[in-house]
Amino acid sequence: MTLLQTEQLTKQFGGLTAVDEVDMEIEQGEGVSLIGPNGAGKSTLINLVTRRLEPSYGDVSFKGESIVGMDPHEVVQQGMSKSFQTASVFPELSVKENATIAALAAEHGSFRVNFFRHRNSYPAVEELTNDVLRSVGLYGERETQADSLDYGNKRRLELGIALAAEPDMLLMDEPTAGMSPDETQSTVELIKRVKDELDLTFLLVEHDMEIVFDISDRIVVLNRGSVISTGTPEEVQNDPAVQEAYLGGVEE
Amino acid sequence: MSDEPRDATPAAASESGADVSDGFAARLSRFRERESSTVLITIVGVLVFPFIFNNLLNGYTQLATLMLIWGIFAVGFDILLGYTGLLSFGHAVFWGGAAYAAGIFSASVSSQPLLVLLAGTVFAVLLAWVVGFLSLRRGGIYFAILTLTFGQMAFYLAASPLAFLTNGENGFTSVTIAPLLGVIDLHGGVPFPLSIAVDNMLYVFVAVVTVLSVAMANRILHSPYGIVFRAIRENERRAEFVGLHVWRYKLMAFIISAAFAGIAGSLFAIEGNYVPLGSLYWTESGAIVIMTVLGGVGSLFGPLFGAGLYLYIENIVSGFETLGSFWHLILGIVFVVAVVVFPDGIWGGIEYLRDKVTGGDES
């Protein structure tokens with residue numbers, strides 16, 4: 001089943017065409033990476049998909065339904081969650097509360113009028129919160145204030161928040177940016193594990209080619225707003241167009 | 001690895017024998033977390049307060065009553081300012097609006113105190129729906145200015161175009177309050193067991209409403225609403241991207257805070273038997289901001305203290321012989337000192353001292 005599909009998706013900023021008639025399809029269960037040189041339009045494409053930007057023209061559909069015109073929270077409620085490029089957490093709340101917020105939205109929808117019961121009386125939310133914290137390895141730190149976590153753990157929490165929204169598809173914008181090699185390694189393991197455990201579909205934007213080749217089923221290469229190549233890691237690696245775009249090839 | 005058994009033993013022991021081995025600080029913090037404790041503390045507080053206030057602080061019961069009324073207003077305002085992170089500069093419209101609605105209702109529909117209270121509160125809620133719907137289109141300073149504008153519009157509406165209803169600049173003087181439930185005269189004395197603590201039935205009525213209001217606020221803050229409000233304050237965009245309809249929750253916070261303002265405004269009309277036009281003036285919107293910040297934003301009890309201290313300086317300190325005429329200045333100095341020394345207000349200061357004493361490092 002096709003989960004995410006873009007058709008002729010285009011975004012122009014003034015005279016600059018950041019994303020140029022991109023057609024892309026992502027199947028259920030697929031792990032796809034989006035790569036390309038700086039300024040290729042990767043972030044713009046992600047922002048179009050998550051509804052942070054309005055397309056100039058073209059269409060994005062999720063689960064067969066167009067999401068153009070929806071609010072970001074509606075897209076999340078449809079099952080597409082996003083992990084931010086910077087560690088975007090709720091700094092003064094505890095780790096557990098951070099995950100609870102997403103779990104509440106997942107279990108009870110985007111808004112509920114009758115939400116006055118004591119928060120301890122929502123067992124499904126509690127369970128989902130604890131599951132997510134265990135799977136990102138922060139259960140032991142659930143009472144810690146998010147702000148006082150180190151950077152690597154903050155990124156894990158950020159990923160945990162995105163997972164607690166119970167997504168069918170997860171978009172990750174450079175999940176390992178700014179991490180130490182150890183932190184990067186454990187984050188990659190984490191992504192692989194949750195993909196298997198939850199049968200998660202993901203779209204990843206990443207600069208680090210080692211990570212990309214390690215965790216992707218398929219790679220989409222973007223250059224100057226257009227898709228120049230798509231295929232398995234091996235196919236993409238051997239594509240002359242890709243090597244040219246990267247001036248000297250992907251192997252450093 | 002070899003450290004694990006050693007570390008695990010005391011942790012396991014303290015979990016199993018929690019009641020025996022825990023320190024005072026831990027027991028105190030568990031007590032504070034219970035909902036019934038909050039209600040109990042509030043009941044004791046409102047019972048003891050007039051005694052201390054009247055005998056030790058030069059106070060009088062009428063002012064104590066007013067302090068609780070403003071306290072209810074501030075507790076609700078803090079849900080918006082402290083917990084959701086939205087600064088409204090026009091809450092006088094709900095305070096004064098509810099006071100007028102309650103007053104007019106008492107004069108022309110029913111003078112039953114409970115119905116009057118309900119009428120004022122419902123009016124404030126409906127008004128907040130409209131004002132919030134329009135003001136929350138914009139964030140930050142624009143939101144503050146929009147609410148201020150609505151407040152001033154209401155003031156001028158009450159001053160002249162609606163003077164046939166509000167009695168214009170003279171204020172609404174025809175408030176009539178019947179005995180509570182047909183038997184209890186609110187402006188009369190109190191029967192024996194209660195008379196040890198207070199001397200006035202109106203205070204008892206306001207105190208009961210205060211306890212209920214604090215219990216309600218406490219419940220809201222411990223419900224999913226509370227956690228979502230704080231999430232919006234901390235990181236609005238992230239809240240949107242976990243799938244929450246942020247705008248609707250903001251409107252809800254606005255309406256909830258206006259409901260508290262409505263309860264307080266209605267009590268204000270009942271207490272004074274009069275609604276001054278000044279209750280809609282923008283300085284009242286400013287006063288509630290100062291009270292809340294002074295008491296401590298983001299705390300349940302802080303705003304009650306802030307309201308009390310503000311009114312104390314305004315009414316008692318202003319009566320002091322030489323200092324009295326400088327009360328505005330004194331209020332300013334107290335505010336600056338409080339904010340500089342304790343950015344979290346009086347309540348933040350109290351918590352700081354408590355943690356020093358108990359050695360607890362929990363929130």
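Predicted model: local features only at pLDDT ≥ 70, side-chain atom pairs only at ≥ 80, totals over all residues.
Along the principal axes, the C-alpha trace of chain A spans about 60 × 40 × 35 Å. Of the 252 residues of chain A, 54% count as buried. Contacts between residues 24 or more positions apart make up 65% of those in chain A with a separation of 6 or more. Chain A exposes about 10700 Å², and carbon and sulfur atoms supply 43% of that area.

Chain B is built with 18 helices and 0 strands. Its radius of gyration is 22 Å, close to the 21 Å that the globule rule gives for 363 residues, so chain B is as compact as a globular protein of that length. The C-alpha trace of chain B spans about 85 × 55 × 45 Å along its principal axes, and 51% of the 363 residues of chain B count as buried. When contacts in chain B between residues at least 6 apart in sequence are considered, 74% join residues at least 24 apart.

Within chain B, one helix pair deserves a look. The axes of helix 5 (residues 61–83) and helix 14 (residues 246–272) of chain B come within 7 Å and cross at roughly 170 degrees. An angle over 145 degrees counts as roughly antiparallel, and that makes helix 5 of chain B roughly antiparallel to helix 14 of chain B. On the side of helix 5 of chain B, the contact includes Leu66(B), Ile69(B), Phe73(B), Gly76(B), Phe77(B) and Leu80(B). Among the partners from helix 14 of chain B are Phe254(B), Ser257(B), Phe260(B), Ala264(B), Leu267(B) and Glu271(B). The residues of this contact between helix 5 and helix 14 of chain B divide into 16 nonpolar, 4 polar and 1 charged.

A second pair links the two chains. Helix 3 (residues 95–108) of chain A packs against helix 12 (residues 224–234) of chain B at an angle of about 110 degrees, with the axes 10 Å apart. Helix 3 of chain A and helix 12 of chain B are therefore roughly perpendicular to each other. In this contact, Glu97(A), Thr100(A), Ile101(A) and Leu104(A) of helix 3 of chain A meet Pro224(B), Ile227(B), Val228(B), Arg230(B) and Ala231(B) of helix 12 of chain B. The residues of the contact between helix 3 of chain A and helix 12 of chain B divide into 6 nonpolar, 1 polar and 2 charged.

Back in chain A, helix 1 (residues 42–49) is mostly covered, with 7 of its 8 residues buried. The buried residues of helix 1 of chain A are Lys42(A), Thr44(A), Leu45(A), Ile46(A), Asn47(A), Leu48(A) and Val49(A). Just after helix 1 of chain A, Arg51(A) takes a positive phi of about 70 degrees. Further on, Pro55(A) sits in the loop between helix 1 and strand 4 (57–62) of chain A. Pro55(A) counts as buried at 14% relative accessibility. Not counting residues up to four places away in sequence, Pro55(A) touches Leu9(A), Thr10(A), Lys11(A), Leu48(A) and Val68(A). From C-alpha to C-alpha, Pro55(A) and Ile35(A) are 20 Å apart in space and 20 residues apart in sequence.

Glu65(A) belongs to strand 5 (residues 65–66) of chain A and is partly exposed, with a relative accessible area of 43%. Leaving aside neighbours within four places in sequence, Glu65(A) is in contact with Val60(A), Met70(A) and Gln78(A).

At 12% relative accessibility, Glu174(A) counts as buried. Asp199(A) is partly exposed, with a relative accessible area of 47%.

Terms used: Residues numbered from 1 in each chain as written. Chains lettered and ligands numbered in written order. Heavy atoms only, no water. Axes fitted to C-alpha atoms, helices over the stretch in contact; angles between N-to-C directions. Helix = DSSP H or I, 4+ residues; strand = E, 2+ residues; numbered from the N terminus. Parallel < 35°, antiparallel > 145°, perpendicular 65-115°, else oblique. Contact = heavy atoms within 4.5 Å. Nonpolar A, V, L, I, M, F, W, Y, C, P; charged D, E, K, R; others polar. Rg over C-alpha atoms; globule rule 2.2 N^0.38 Å. Buried < 20%, exposed > 50% of the residue type's maximum accessible area, 1.4 Å probe, protein only. Areas by Shrake-Rupley, 256 points an atom, 1.4 Å probe, with all protein chains shown as cover.
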